[in-house]
Structure formats: C-alpha cells, structure tokens
Amino acid sequence: MKLTRPLSWFLLAFGVWSWVIWVTFVKNLIKDGSGLAFDDGHPTAYFWVHLTLAVVSFVLGTAIGLIGLRSLRALRAAS
C-alpha cells in the first residue's frame, strides 16, 4: 500500500506532536503539587493511570511517526 506525501507528512508530524505533548505532560505529572499524583511522596492510582496512558501514547506515536518516515523515504526513493 502506498501512502501519499501529505499523509506521510501528517503521520510523521503526529508522531512528533505526540512525543512533545506527552513528554510535557509527564514532566508536569512528576512535578504535581496538587496531591493528585502523589500522596505523602507515594504515587497514586491517578499517577499510574496517566503514566500508562503516556507510555502507550509514546509507543503509538513512535509507531505512527515511523510509518510516516518510512513512507516518505520510499516516496523519495521512487521519484
């Protein structure tokens, strides 16, 4: 299956965007002072759920971004 150049760029941009957003979120989660993420210094269920969401998003963002990157390389080699 061939992807178009705009779709390939979109997938690559989505992968990069996903990393930027979730890295920022995890940094803010670790620095949380509201008591949601940590209770007396111990991680809460809120922390673990959101850390799991971030890790899954890292994996999916990486996979989607790599699909876009590989497609762009294939398009460049074909032209």
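Visitor: By about how much of a helical turn are phenylalanine 14 and tryptophan 17 separated in helix H1?

Guide: This is a predicted model, in which local features need pLDDT of at least 70 and side-chain atom pairs count only at pLDDT 80 or more, while totals for chains, interfaces and linings use all residues. Residues are numbered from 1 along each chain as its sequence is written, and side-chain values use heavy atoms, with hydrogens and water left out. Helices are DSSP runs of H or I with at least four residues, strands are runs of E with at least two, and both are numbered from the N terminus. Because phenylalanine 14 and tryptophan 17 lie 3 residues apart in helix H1, the separation is about one helical turn.

Visitor: How are the ring planes of phenylalanine 14 and tryptophan 17 arranged in their aromatic pair?

Guide: Rings of Phe, Tyr and Trp (its six-membered ring) pair if their centres lie within 6.5 Å, and planes under 30 degrees apart count as stacked, over 60 as edge-to-face and the rest as tilted. The structure holds 5 aromatic pairs. In the one formed by phenylalanine 14 and tryptophan 17, the distance is 6.1 Å centre to centre and the angle between the planes is 35°, an arrangement that is tilted.

Visitor: Is phenylalanine 47 buried or exposed?

Guide: Buried means under 20% relative accessible area, exposed over 50%, and partly exposed in between (1.4 Å probe, protein chains only). Phenylalanine 38, whose ring centre is 5.1 Å from that of phenylalanine 47 with the planes at 40°, has a relative accessible area of 25% and is partly exposed. Phenylalanine 47 has 8% relative accessibility, so it counts as buried.

Visitor: Which residues form one aromatic cluster with Phe38?

Guide: The rings of phenylalanine 38 and phenylalanine 47 make a tilted pair. One aromatic cluster takes in Phe38 together with Phe47 and Trp48.

Visitor: Why does phenylalanine 10 count as exposed?

Guide: Phenylalanine 10 is found in helix H1, which covers residues 5–30. Phenylalanine 14, by comparison, has a relative accessible area of 31% and is partly exposed. Phenylalanine 10 counts as exposed because its relative accessibility is 52%.

Visitor: In what order do the elements of the chain run from the N terminus on?

Guide: The secondary structure of the chain comes to 2 helices and 2 strands. From the N terminus on, the order of these elements is α-β-β-α.
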